[in-house]
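The report below is meant for someone meeting this structure for the very first time.

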Amino acid sequence: MSVLVYTESDGGKFKKIAQEAVSYAKGIADMLGTNVTAVAINAENVSELGAFGASKVLELSNDSLKNFNAEAYASIVAEAAKKENAQVVVLTSSINSKFIAPLLAVKLDAGYVPNVVSLPESASPFKVKHSVFSNKAFSHTEIKTDTKIVGLAKNAFGVKEHNTTATTEAFSPEISSGNVEVVSVDKATDKITIADAEIVVSGGRGLKGPENWGMIEELASVLGAATACSKPVSDMGWRPHSEHVGQTGKPVASNLYIAIGISGAIQHLAGINSSKVKVVINNDPEAPFFKAADYGIVGDAFEIVPQLIEKLKEFKSQNA
Amino acid sequence: MKILVCISHVPDTTSKINFTEGDTKFDTNGVQFVINPNDEFGLTRAMWFKEKQGATVHVANVGGPETEPTLRKALAIGADEAIRINTVATDGYSVAKQLANVAKEGGYDLVIGGRESIDYNGGMVPGMIAQLTGANFINTCIGLEVEGNNATAVREMDGGKETLKTTLPLVIGGQKGLVEESDLRIPNMRGIMQARSKPLHVKEAVDISNETASIQFEKPAPKGAVKLVDNVEDLVNLLHNEAKAI
């Protein structure tokens, strides 16, 4: 028996969501009276996962897995789950986790619940709370199968430190690699991604044109944040589609979301409302975003944002 | 090429989310239902394959008779035939089993679903259909071309995108990018008239067991009012000392 967790890495380094997933898996393992086994593909220093509660790490290094391959990765996690006799498999809410999860569920004939926000409410029946209706509600859902798959929502559980010593074990299962081949990857390596960012700075139509994005980028750079935009902004081609956040764009679950010149259409809010702290800067006090935000300034973004940049620079130099 | 577009019948984004019967059922009272937005991007791409490459396009949905107007809308947009699997959709896996059965029986080359439905946000149905039918699968698909038996797709990933090549039969989880918002079609009167006489087949469910069961719903606690400040100094202080966000 065990709780298995798939740990995502980028360039050999574990992502923060992997640390969070291991911490969460440890929480479930404690409930069930068992241990956590992690699966790591092409990651370095895998024993560091012990610091988050893993007792064992199944380690795979394979050049043919350098590019993500959902079928191959799902088959590796499935083989690991069988080998470890896993009762629960923990994934995250990353794009890649959500790509693997349905394939894995069929391979293991397991019930799968995504967007889980807390530890199971009970182990038997196995009941979890997860967000539905774009975070406008939660469902308490029972997973009835012997093997259970949960996808942990980002930033929902947090990283928890443990003093577990993790043993490592080379793992070389039979891999079914399917018939989907990567031709090319187009990935900016020097920018913080919306998925990984703790802070996201987002601009809307209120900024009047693409030439005014300099201050958004500067604000993001001062905060170490990712930049994003509303749907009209990407539809008009002011910013790339990859920056569009909202219901039909990318979801945001950052610690801090700063919306500048965004009115707060319901479709936009649906995509960002699992962010923890929301700040709005808008010259229209009637903008719906003020109802959804935690903090707000009513005023002209062209005056306020430069002031905010200066203030934050001062703050950073004092708190460095 | 035979295409099956899976259509989820979902509450419009602006709907009030409420529950009834002791918070065990979604309250459909006064709710307008629409084609799931992610599915609509896929349906519109399917129309392109129909018009440019002569594809046949069928749409399918798992649900009761109340979901038929949504299927008729897909027919009005231009799909050739619709299939409704007559059972209440309970969880993603059970829906996928129904649709996988339809996909197998119909011998479809390409099955298009949405990245996720905007109601239960499961995001699992397309991948499960692929795995159940042995088809290739690409999720968060933002571009798709098909030439004979070969397909080239673009997938969104964290921090970028990648181009993939694969072969039919293929299942995709689609989203905006497959077509743009401005490409979406509003059914015209001719389409609506034609849709009335297009076939809408009702099939009984194959296996209605489910792996997960929603026991109860809950709405988040109401949010406190926004704290308005009138200068950036107060904002930075609040974000640091109160929200602990910087």
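## Where the chains pair

In this predicted model, the bridge partner of Phe138(A) within β14(B) is Glu218(B). This pairing belongs to strand β9 (residues 137-143) of chain A, which is joined to β14(B) by six bridges and runs antiparallel to that strand; two strands are said to pair if DSSP finds at least two bridges between them. Strands (E, at least two residues) and helices (H or I, at least four residues) are DSSP runs numbered from the N terminus.

Residues are numbered from 1 along each chain as its sequence is written, while chains are lettered from A and ligands numbered from 1 in the order in which they are written. Since the model is predicted, local features need pLDDT of at least 70 and side-chain atom pairs count only at pLDDT 80 or more, whereas totals for chains, interfaces and linings use all residues.

## The side of chain B that touches chain A

In total, 60 residues of chain B are in contact with 70 residues of chain A, contact meaning that the C-beta atoms, placed from the backbone, lie within 7 Å. Among the elements of chain B that each supply at least two residues to this side are α4 (125-133), β9 (136-147) and β14 (212-218), but β11(B) gives the most, with eight residues. The table sorts the residues of this side into classes, where Ala, Val, Leu, Ile, Met, Phe, Trp, Tyr, Cys and Pro count as nonpolar, Asp, Glu, Lys and Arg as charged, and the others, Gly among them, as polar.

| Class, side of chain B that touches chain A | Count |
|---|---|
| Nonpolar | 25 residues |
| Polar | 21 residues |

Strand β13 (residues 199-203) of chain A pairs with β14(A) in the parallel sense over four bridges, and Val201(A) stands opposite Thr227(A) in β14(A).

## Chain A as a whole

Chain A has eight helices and 17 strands, and its C-alpha atoms fill a box of roughly 60 × 45 × 40 Å, taken along the principal axes. The domain assignment, whose bounds come from an automatic or database source, gives chain A domain 1 (2-170) and domain 2 (199-319). The C-alpha centres of these two domains lie 32 Å apart.

Conventions: Two residues are in contact if their C-beta atoms, placed from the backbone, lie within 7 Å.
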